[in-house]
2 protein chains.
Amino acid sequence: MVVATQSLDELSINAIRFLAVDAIEKAKSGHPGLPMGAAPMAFTLWNKFMKFNPKNPKWFNRDRFVLSAGHGSMLQYALLYLLGYDSVTIEDIKQFRQWESSTPGHPENFLTAGVEVTTGPLGQGIANGVGLALAEAHLAATYNKPDATIVDHYTYVILGDGCNMEGISGEAASIAGHWGLGKLIALYDDNHISIDGSTDVAFTEDVSKRFEAYGWHVLHVEDGNTDLAAIAKAIEEAKAVTDKPSMIKVTTIIGYGAPNKSDTAGIHGAALGTDEVAATRKNLGWDYAPFEVPQEVLDYTRKAIERGASYEAEWNQAFAQYKTKYPTEAAAFERQLSGALPEGWDKTLASFTPDQKGLATRKYSEECLNALAPVLPELIGGSADLTHSNLTELHCSGDFQKGAYQNRNVHFGVREHAMGAICNGIALHGSGLLPFGATFLIFTDYMRAAIRLSALSEAGVIWVMTHDSIGQGEDGPTHQPIEVLASLRAIPNLTVIRPADGNETSGAYKVAIAKAKENAPTLLSLTRQAVPNLPGTSIDAVAKGAYTIVDSEGVPELILIGTGSEVQLCVAAAEKLAAQGKKVRVVSMPSWELFETQDAAYKESVLPKAVTKRLSVEAATNFGWHKYVGTEGDTVSIETFGASAPGGVCLEKFGFSVDNVLAKAKTLLS
Amino acid sequence: MVVATQSLDELSINAIRFLAVDAIEKAKSGHPGLPMGAAPMAFTLWNKFMKFNPKNPKWFNRDRFVLSAGHGSMLQYALLYLLGYDSVTIEDIKQFRQWESSTPGHPENFLTAGVEVTTGPLGQGIANGVGLALAEAHLAATYNKPDATIVDHYTYVILGDGCNMEGISGEAASIAGHWGLGKLIALYDDNHISIDGSTDVAFTEDVSKRFEAYGWHVLHVEDGNTDLAAIAKAIEEAKAVTDKPSMIKVTTIIGYGAPNKSDTAGIHGAALGTDEVAATRKNLGWDYAPFEVPQEVLDYTRKAIERGASYEAEWNQAFAQYKTKYPTEAAAFERQLSGALPEGWDKTLASFTPDQKGLATRKYSEECLNALAPVLPELIGGSADLTHSNLTELHCSGDFQKGAYQNRNVHFGVREHAMGAICNGIALHGSGLLPFGATFLIFTDYMRAAIRLSALSEAGVIWVMTHDSIGQGEDGPTHQPIEVLASLRAIPNLTVIRPADGNETSGAYKVAIAKAKENAPTLLSLTRQAVPNLPGTSIDAVAKGAYTIVDSEGVPELILIGTGSEVQLCVAAAEKLAAQGKKVRVVSMPSWELFETQDAAYKESVLPKAVTKRLSVEAATNFGWHKYVGTEGDTVSIETFGASAPGGVCLEKFGFSVDNVLAKAKTLLS
């Protein structure tokens, strides 16, 4: 390759390539192929189109960027460095993939300012992008006025072949097409190489045609390696189409510039090696030392700082005018952006007494959502096609649809995984929106990767999961969670709450809303079937995770620990045992995670070490329960899959009856 | 609607409709909409096209049928009853969705003969269908001869809007199109209603165009309610195209025949109610009592019994000829069908001694797979685009591709979820094939629903999961499993094995292969990083789940329990403690599930109750470990997400070091 004099754009693009190459070479770990091939589209996008302020990465009205192909993280770090973000210095780049660096293996929003979402697990990013675009569309429809636009940004995503093979990306693209999210623009790095080699081995579909089928506006840049004008033109065309999301297929060569390894799987996920690095330098006419960026490039790229400051200043001015004209809306908007909750919001949550007829906790959840929705305009979400089973409709709003983006009831369709990642995107939009996503508890299995990412990437989402045990009944074992609670409780940073009745459901929402505002997700596990309102439960006690609702005089001989729909069995059994002169305590334990955050004294007060006779009652596996029942305790649990029969029959047959609790209790007491 | 004299086909179709309506009415639970709308396509398919033998539902060369829209289970039960299967009697239909009936809420292959796979979780069935079709294509390419065809059947799938919204169906359809599985025919019940109402609320993409983009042959039946000729013609056309899978979009009215509820979400998943049942009877001219099927219908439909017997007889004759001409192949085929393992198969698994340089357990896994592949021709599988990371290539075979179906290395692409369901389909083909699917352990989150279904539906699959801890290193927390082992161990009927070294990896395969032949799945958790070969490990001990590899004289004061890559830390710590005069036992515990199946005496011999000072060491959450370490024990574990850094650094920083094990051990001993 003969290198003529390079333009500043070309030099900048090569700077990205070599920052990636050199960082990965130093780390002896990373993925150079994507940064080298996608540098032209990414640089064109960031330098020519995107509005952002490097010195205030959280400026509200910035364009959002998602590197869905997160393994190409060096592309993003190089951009952040070149464009003047403080979060990534050249020293940080030298520490790529090292302990406590701001340049981890995959982009992590909670570590590196300028990174919007955490990507790496493929396909998540494009679905996050749909959430970001949804958030923008919703806020724009809610707050913009004919004479005042304060919400107005694009969401750009770079995704690769891997993202496009994942089902989640198809789900997300389908619903984005349905919604007509015109300010979502995806650039597909069509480099026809994945880890196993040419995409010919497993991926020969017509991606463009598929996106057309989803209702997207589809463009093609044939030479994404050198034709910067074509890239720019395509982005312009994409921006001009405002009623459909756009997908620009940009055909590139993976590892562009590496004379021997480009266009091979060998450059996808491994350092180039000394010889190939040298050959690439020669090939691309790059005479600079490792990590050296010519000053003329920095002078050029860091104009972004000035541009950014002026974008933000303009917006600040616009917002100041808005505030004058629309003080109520501006106050609401500012309150929401700040993350603060309106005073008294939690007073809307109802409390209950045992004389009130019990309902299913999913029904109490519906009451909570509808009590909160009017006072929390940031609450937005819905179900994966189970709205009237999950009971998640906000009665004060309509359906979020194309042309009705101001509405807050989101129909995700039967797309649990995309729902999860879209909710994460909404939360990580950083505008105070509080998303919720709902399905049957069993189908968290379909969206587990997204739930995990909500916990990892600090996305304040509420996961509303109903039909939470074999008590759901006739649908049978495919629909009956057994191991699901355990599998969710095991996820770090996720709070799982399984309320027992009306009070505890209100308490669960009180915790969940507050946690969402602190950027932590909560998962609610709710019954299909009715449960009684129990004595001793309370809204505020839920935050403790576990608490005594029925107690004996003096030190109890036995502690019954129940959660959710099984607490009632504990209460009934305790009553019978007390009548027989036994000293029995009942602990309601809606949340293990919340209990674990209590101090030792409180924990001891609820579950005293001296009381070793303990029986847990939960219509799920006992996996994990030994931590609380100890070696001398026992569990009423189910260790097989469930069965199809009416819910009451299932519960009874599998031993979730007062009689069985009593029998096990008596064995412990004997 | 004026009902003219009905043909036998029409009567049979109405019989299906009313069996569904009446069964659901009696159960007060179920999904009548799909059976009523899809009865014409399903009956035409089963009565006119499908080859099966009702009196031998497992006859090898039968056409396979999958009701991917499993909630419409009454459709399948009605068909099985009408066509003469013994597994579903009219009494069974009256027991729809009741305790221990053969007619559960969703089709369960392990309960009801004639049901091939377990469906209900949407999208799984179409992906299972791809697996069934793959199995047929592979066996046909392997065993058929130019003059003798013994493997030759179609795989038919009925799927609905819900299936088509799920990402897994897109993944499966994409790879099926790539493979050109011409004998896979999907009928899409296009009834434009899902639970939330009209599909207009969330699903407006062009499904046909999308399937064309995947490389499918696409057809459309415009009136799937009454135009039986068009349905038959479309199926004929689909069968005639042999180089592409076919998708027949059959436009129907959900709940066809119900005058007030058809074409509404109200009929999707609830009984019609007395009035609407009566109105539907009138509307469709059905004068029969609930559960009554006119004798002329049964006489007509049960001709399937005679046809089936003759299909099987023909095939038996063909196979007898094959056996004469090709005795070696016939013997291999019969051995495989029987589920028996060839003698001495396990002798191919290597054993190791501590003086042999240790390798990563993924590397030992590669050796096992390649030792087994030549003696187990039924072994077929691959990776979701991580072949050379998971190390799953079978060197004795080529790539399974269009035109090379005899090969056994399957490239699934970056489609973990479809991979899971395809493997389940291969296993449930019932032909002795032994599928394996591989990815990074963390990405079991993407395919968890399919792994669960392997356990529930008794699919003998081996899940080969590598990069099984923070020891995977630089990729960071998105790629580092923390809670994954716990979440998998919690699944009933799934055996999780985390081998410590070469011997234990061989032992893990020995267990996994045997279990697969007993229709039980096993998941292997394997390291990215090298581990030493340890003293005391053995192939056969793995089957015990846990066993002592280093022991003290007399009763130990302390038991160190390790799994996988952390057993080495226990051994090294025990050595140091022993030098200090401490009595320490090391237990290697590759599998909780296998240990749990041991008798009480064995368990006591390994983990004596009297020894309460126990320390588990596993680079994962301690969730669940309290069962083994008890209330007086401790754990070396990680309770947060991981971090991006070289694997050794991660392990050290998070406390997986001999020093930290020693420190915790000393605290316990003090």
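**Ground rules.** I number residues from 1 along each chain as its sequence is written, and chains are lettered from A, with ligands numbered from 1, in the order in which they are written. In this predicted model, local features need pLDDT of at least 70, side-chain atom pairs count only at pLDDT 80 or more, totals for chains, interfaces and linings use all residues, and side-chain values use heavy atoms, with hydrogens and water left out.

**Confidence.** I looked up pLDDT (the predictor's confidence in each residue, from 0 to 100). Chain A has a mean of 97, with 99% of its residues at 70 or more. For the complex I noted an ipTM of 0.98 and a pTM of 0.98.

**Cavities.** I searched a 1 Å grid over the protein atoms alone for sets of points where a 1.4 Å probe fits but cannot get out; lining residues have an atom within 4 Å of a point. Points are joined across faces, edges and corners, and a volume is the space filled by probe spheres set on them. I found eleven cavities of 30 Å³ or more.

**The largest one.** Of its 24 lining residues, Gly167(A), Gly170(A), Tyr214(A), Gly170(B) and Tyr214(B) lie nearest the centre. I see five residues from α7(A), the largest share of this lining.

Key:
On a 1 Å grid over the protein atoms alone, a cavity is a set of points where a 1.4 Å probe fits but cannot get out, and a pocket is an open set with protein on both sides within 12 Å along at least five of seven lines; lining residues have an atom within 4 Å of a point. Helices (H or I, at least four residues) and strands (E, at least two) are DSSP runs, numbered from the N terminus.
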